[in-house]
Amino acid sequence: MRTQVAIIGAGPAGLLLGALLHRAGIAAVIVEQRSADYVLGRIRAGVLEQTTVDLLEQAGVGERVHAEGLRHDGTELAFGGGLHRIDFQALTGRHVMVYGQTEVTRDLMAARAQAGLPTWYEAEHVAIADYDGAHPLVSFTKDGVRHEIECDFIAGCDGFHGVCRASLPAGAITTYEKVYPFGWLGVLADVPPATEELVYANHPRGFALCSQRSRTRSRYYVQCASDDNAARWSDDAFWDELRRRLPDAVAERVVTGPSLEKSIAPLRSFVAEPMRFGRLFLAGDAAHIVPPTGAKGLNLAASDVGYLAQAMREHYGERSDAGIQAYSQRCLARIWKAERFSWWFTSLMHRFPDTGEFGARIQRAELDYLVGSTAASTALAENYVGLPLA
Ligand code: FAD
Ligand code: DHB
């Protein structure tokens, strides 16, 4: 096979890149190690920045997010038994859209299938070669048959555990990492959300988050130990723990029901630099991880491929490699802002096993300052809603 861009990974980064390239008349093939159903079954992010929605529109899949997505003009912070609203729209003129990663993936998959674009699911032994030479090559096995794709560029959109970053020589890459001493236990349930907007709660028993997917589907999280096991949690135990961590006014409005999904995600900050190696580009979780508190993971994956699609358009359309040269630097400027915000918001909202009561009182002082100061609230709102692509 021969194509212009070989994309490894059919998560949101790979699928969105494929759609943006197709719109620009650039040929791409996607190679994914899992099945399409497996990819759709992963319940992950739920909050889209306006910039991400703009990119979905550019990719030709903006219709359903506008029809079914829930526009949120603010969010609630819960602490000390009370609720404090951060008004994104008043403070920044921007908002976010609540629309699940599963739906983003479904829309992109449907558009790709409809356009007849090539995607190889359940590809085994995926490998990349000669990405720093003139003839990059992707190889894989499908149903026992080996395939090769010759290409101009390789996009490593294969997530944190993918093959692209792992194939780089140790000296080529610098990584920065922080692992948090807790995880998030998440539950998805077909019950109406307790609140109109999301609630981020700081509580002595640990962090809790009320989120949603629609008017009839809720997503809730509670902070748990890193070594906890989701199977240990009955639905009742989860609902009880969630309600204990919410202000009474919210807790009494939580509608409980059987969980559709229950899983634990570890919390990590991670950045790999640079993000380009000759003709190989890393994008999304392949290059960076944020703890989920700031809702940035999926949005960063989208902005990376927004920059990459732009670089490819310039390369093929304008014969300019300026975008390719600038790719890593442009992405990393945005990534480190999101890393800082996600680290800060995580630090503010969770119970840390080693900082004790002093840590809790410092958090309380900072939360009081945050909701009492327009400048501090604006900084939170600006970071949460995100910036347009520079
Ligand atoms: P991924 O979605 O990981 O996609 C990568 C794809 O590459 C996968 O389909 C994978 O199967 C494939 N792949 C891997 N290795 C290979 C290979 N060798 N060959 C071919 N294909 C390969 N963000 C939030 O904002 N809020 C959240 O609540 C939230 N929860 C999360 C929970 C979990 C458990 C995880 C892991 C992440 C969560 N995130 C969350 C982050 C967000 O979901 C990710 O940032 C987003 O999925 C990144 O998209 P991506 O396309 O870069 O990577
Ligand atoms: C969701 C996840 C997040 O990490 C977040 O900050 C907000 C919402 C969610 O899954 O809905």
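**Close-up views of a predicted model**

**View 1. Three strands form an open sheet in the order 9-10-11, with antiparallel pairing.** The model shown is predicted: local features need pLDDT of at least 70, side-chain atom pairs count only at pLDDT 80 or more, and totals for chains, interfaces and linings use all residues. Residues are numbered from 1 along each chain as its sequence is written, chains are lettered from A and ligands numbered from 1 in the order in which they are written, and side-chain values use heavy atoms, with hydrogens and water left out. At the edges of this sheet stand strand 9 (124-129) and strand 11 (145-150), each pairing on one side only. From one strand to the next, the twist averages 15°; axes here are lines fitted to C-alpha atoms, for helices over the stretch in contact, and angles run from 0 to 180 degrees between N-to-C directions. Strand 9 pairs with strand 10 (residues 137-142) in the antiparallel sense over 4 bridges, and two strands count as paired if DSSP finds at least two bridges between them. Look for isoleucine 128, whose bridge partner in strand 10 is valine 138. Helices (H or I, at least four residues) and strands (E, at least two) are DSSP runs, numbered from the N terminus. In a regular strand the side chains alternate between the two faces of the sheet.

**View 2. A second open sheet has 3 strands in the order 3-7-4, and its pairing is antiparallel.** Strand 3 and strand 4 (70-72) are the edge strands, each with a single partner strand, so one side of each is left without a neighbour in the sheet. The twist of this sheet averages 35° from one strand to the next. Strand 4 and strand 7 (residues 96-98) share 3 bridges in the antiparallel sense, and histidine 72 stands opposite valine 96 in strand 7. Helix 3 (residues 50-58) lies across strand 3 and strand 7, running at about 80° to strand 3; contact here means heavy atoms within 4.5 Å.

**View 3. Strand 5 and strand 6 form a hairpin with 2 residues between them.** The two strands, strand 5 (residues 74-79) and strand 6 (residues 82-87), run antiparallel and are joined by 6 bridges. One place to start is alanine 78, whose bridge partner in strand 6 is leucine 83. In the turn, glycine 80 has a positive phi of about 55°.

**View 4. Lysine 296 and glutamate 49 meet in a salt bridge through their side chains, at 2.6 Å from N to O.** Lysine 296 lies in the loop between strand 20 (288-289) and helix 10 (297-317) and glutamate 49 in strand 3 (residues 47-49), so the pair ties together parts that are 247 residues apart in sequence. Lysine 296 is buried at 5% relative accessible area, and glutamate 49 is buried too, at 4%. (Buried means under 20% relative accessible area, exposed over 50% and partly exposed in between, with a 1.4 Å probe and protein chains only.) A search of the whole structure finds 22 salt bridges, each a side-chain nitrogen of Lys or Arg within 4 Å of a carboxyl oxygen of Asp or Glu.

**View 5. Arginine 64 forms salt bridges with glutamate 68 and with glutamate 103.** With glutamate 68, the closest N and O atoms are 3.1 Å apart; both residues lie in helix 4 (residues 63-68), 4 residues apart, about one turn of the helix. Arginine 64 is partly exposed at 23% relative accessibility, and so is glutamate 68 at 44%. The salt bridge between arginine 64 and glutamate 103 is 2.7 Å from N to O. This pair links distant parts of the chain, with arginine 64 in helix 4 and glutamate 103 in helix 6 (residues 101-114), 39 residues apart. Glutamate 103 is partly exposed, at 21% relative accessible area. Through shared partners, salt bridges join Arg64, Glu68, Glu103, Arg106 and Asp107 into one network.

**View 6. The whole structure holds 19 aromatic pairs.** The ring centres of tyrosine 200 and phenylalanine 207 are 6.3 Å apart and their planes stand at 40°, so this pair is tilted. Rings of Phe, Tyr and Trp (its six-membered ring) pair if their centres lie within 6.5 Å; planes under 30 degrees apart count as stacked, over 60 as edge-to-face and the rest as tilted. Both tyrosine 200 and phenylalanine 207 are buried. Phenylalanine 238 and tryptophan 239 make an edge-to-face pair, 5.6 Å centre to centre with 75° between the planes, and both are buried.
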